[in-house]
Structure formats: C-alpha cells, structure tokens
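Welcome! Here is a short briefing for anyone meeting this structure for the first time. Take a look at the sequence and the model, then read on.

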Amino acid sequence: MRLPAEWEPQGFVQLTWPHKDSLWYEVEKVQDCYTRIVTAILRHEPVLMVCRDQAECEEDLRRCGLASTNGIRFVECPINDTWARDHGAISVYGDAGEKIILDFVFNGWGLKFAADLDNQITRQAFACGAFGPDVQYKDMRPYVLEGGSIDCDGAGTLLTTRECLCSLNRNEYLTQEQIEARLKEVFGLKRILWLDYGGIVGDDTDSHVDILARFCGPDTIAYTSCEDEADENYAALKAMETQLKTFRTLDGKPYKLVPLPLPDALYLEDYRLPGSYANFLIINGAVLVPGAHSPKDAVAAARLQEVFPDRQVEIIDCRALLSGHGGLHCVTMNYPEGY
C-alpha cells in the first residue's frame, strides 16, 4: 500500500454542498464561499459534488455566480454536514498499483456532532459509480479516522497529532502503539511523526494536523506560527515549532520549515474562530489558500509561492467557513489521478 501526497497528480476534488437547512451560520455566505472554491478548482480539475438534491444544488451554484456546471459530477444522498475532508474516502495505491478507496468510520469528531448520514456518503458514492470503473472499495470499520487528522509525504512518512488520534471516542480501545501499527499496515508507512504540541483555540477536532503543519514536499513542512506572546495560541504553537525542529527526513536531515503566520483573531460573538493558513489545498497546477481579509493573507501566499514555484497560489476569502470551525482544506477531499 502507498498513501500518495497531495501534490501528486489528481483526478478530482470532492465537496459536500451546504444546503439551506444545514446548521451553517449564514448559509448563503457559506454557499458563496463554496462556489468560489468550486470555480477555482474547475480551472484545474473536475469536481465531485455530494448534495442532498442536484437541482437545488445547481440552482444555488448559479445564484452564487457559477456560469456552468460543466466539470461537476453530482451524487445525491442524505447528509448531516459538509466537511468532505473528514467524511470523504482516503485513497491509496495497492502493492500492484491498484486504486483503492478506504472508507473509515466518521463519527462526528469523537461523537461531538451527528454523523450517521455522513458516515454513509462514501459507500453510497461508490455504489453510484462516482469513482473510476477499476477503483476498489474497502470498508475500514470499526476504525475511526478523519482525513484532516493526517498528512503524508507520499514516500512513507505520515504526520499527525497525538491529541486527535489518541482521543476518547475515536479508537480508545487501542493504545498509541497499536494505532501506529495499524496506520503503518493500512497506508504502507515507514514511520509516523507524532506532534505532541499544537492546537488552535476554537478548533473542535482535537487538533487536526491540517490546521497545524503540512508537508509541502519530502523535505519541507509548512506550519502555523505565532510570534505574539500575548496571543492565547502562542505557547502551544511555539512548543509545536520547537518539536518540528527536532524532526528529521528519512535521510536524517532537518526539514525545511516554512512558518505561516497565525491569522488575525476573528470572532463569532465572543467565540474565537480557528483560522489557519496551513489549511491550504494543493490541486493540479495551483495552491488555494484560505484568506482572512488580512494583510497576513499576502504573507502566507508569498511563502507558499516560494515553496510551490510551479503552481498558481490563489487566496480565497474563507471567513464564512470559520463560522463552522473549519476552512478550505476541511471542506474538500482530493482524489489521485485515475480515481
């Protein structure tokens, strides 16, 4: 087995459409944001859109300014929420190059939120023919795993956080050593880098790694950095930065670390929202960066442009998504070429 890196050639990106009866705060603004994301992706690759009603979804997309739905495949099914990164399938290559989607249990980030419908999406999408004709389906029950909780370099190294993978109500019947052994077996890994520190106030995923630190290449990690000692995130993010400096590549060299500034604090009433530029999405020919309408947007984009010189770096205002405590990477799931 091999878990590919996000920068490898992709076949399409999945999103799950936020309908008007969903629990989103100001769902119209969220739909506008989704449409901007879809528009940006379609310039580079197709989109798989999971929705409760195709006609309703197409009408919403047109209202939000999408000129054409060409390049979008729709799959209708009941849904709870719209975080495709976490209820979407995780794609791997088998030992003989087989294309396999792994359907892990999604239980609402450790039973925090209803997920009975979202947990069925991958199975239903496969049954509807949403994936390629030679793509195999593998049911991973009872193992719980969310796509936002892991990041891989495509060469056998996986980055994750101890707080999430070892949390209660996910796989508490397994020790960390057993979880590590299972991940190595399932993804064909050589090793796992466990972050013991990090976390952003307002995040309710138990520290998903995709808001903290991300592989940008086999020897490069971009991470959320905080330099303001008065910020409530400072201590945890500094401790994470210190630990990242101790990590080594497979050939024993320090990683090239790329600090991405912590976005300016945004609030919904008195609740701080978990903004992070590390929640970027890599697609064919581009890197989409969640903007926060701040001068720091340009700083984060410039640093990622240095890391990805052959890709177009585009900022998309994703403040609306923060009302649901997530971001751009959280609402998308990429699938490799041929899927």
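How much space lies in the largest pocket? The answer is about 520 Å³. Please keep in mind that this is a predicted model.

**The largest pocket**

- Lining this pocket are 33 residues, and Trp24, Trp83, Gly324, His325 and Gly326 are the closest to its centre.
- By class, the lining of the largest pocket has 16 nonpolar, twelve polar and five charged residues.

**The second largest pocket**

- The second largest pocket has about 300 Å³ of volume.
- Its lining is made of 14 residues, and those closest to the centre are Glu26, Lys29, Arg319, Ala320 and Ser323.
- Helix 1 provides the largest share of the lining, with three residues.
- Seven of the lining residues of the second largest pocket are nonpolar, one is polar and six are charged.

**Cavities**

- How many cavities of 30 Å³ or more does the structure hold? There are three.
- The largest cavity holds about 290 Å³ of space.
- Around the largest cavity are 19 lining residues, with Leu3, Pro4, Glu6, Arg85 and Asn334 the closest to its centre.
- Strand 4 (90–93), strand 7 and strand 18 (333–336) are the elements that give two or more residues to the lining of the largest cavity, and strand 18 has the largest share, four residues.
- The lining of the largest cavity comprises ten nonpolar, five polar and four charged residues.
- The second largest cavity has a volume of about 50 Å³.
- Among the residues that line the second largest cavity are Ile200, Leu262, Asp264, Arg272 and Leu322.
- Eight residues in the lining of the second largest cavity are nonpolar, one is polar and two are charged.

**The nonpolar core**

- In soluble globular proteins, nonpolar side chains tend to be buried together.
- Here, the largest nonpolar core has 37 residues, and Leu159, Leu195, Leu244, Leu260 and Phe280 have the most contacts inside it.
- Both strands and helices give two or more residues to this core, including strand 9 (191–195), strand 12 (256–261), helix 8 (234–244) and helix 9 (295–307).
- Helix 9 gives the most to this core, with four residues.
- Leaving aside residues up to four places away in sequence, Phe280 touches several residues, among them Leu260, Val287, Leu304 and His329.
- Glu6, one of the residues closest to the centre of the largest cavity, is also touched by Phe280.

**A buried aspartate**

- Asp151 sits in strand 7 (residues 150–152), one of the elements that give two or more residues to the lining of the largest cavity.
- Is Asp151 buried or exposed? Asp151 counts as buried because its relative accessible area is 8%, under the 20% cut-off.
- The side chain of Asp151 makes a polar contact of 3.1 Å with the side chain of Arg214.
- A polar atom of the Asp151 side chain also lies 2.7 Å from the backbone nitrogen of Phe215.
- Not counting residues up to four places away in sequence, Asp151 touches Thr157, Leu158, Leu159, Val209, Arg214 and Phe215.
- Arg214 is touched by Asp151 and by Phe280.

How values were computed: Residues are numbered from 1 along each chain as its sequence is written. This is a predicted model: local features need pLDDT of at least 70, side-chain atom pairs count only at pLDDT 80 or more; totals for chains, interfaces and linings use all residues. Side-chain values use heavy atoms; hydrogens and water are left out. Buried means under 20% relative accessible area, exposed over 50%, partly exposed in between (1.4 Å probe, protein chains only). A polar contact is a pair of N or O atoms within 3.5 Å; within protein, one must be able to donate a hydrogen and the other to accept it, and residues adjacent in sequence count only if both atoms are side-chain atoms. Contact means heavy atoms within 4.5 Å. On a 1 Å grid over the protein atoms alone, a cavity is a set of points where a 1.4 Å probe fits but cannot get out, and a pocket is an open set with protein on both sides within 12 Å along at least five of seven lines; lining residues have an atom within 4 Å of a point. Grid points are joined across faces, edges and corners, and a volume is the space filled by probe spheres set on the points. Ala, Val, Leu, Ile, Met, Phe, Trp, Tyr, Cys and Pro count as nonpolar, Asp, Glu, Lys and Arg as charged, and the others, Gly among them, as polar. A nonpolar core is a set of buried Ala, Val, Leu, Ile, Met, Phe, Trp, Tyr and Cys residues joined through side-chain atoms within 4.5 Å.
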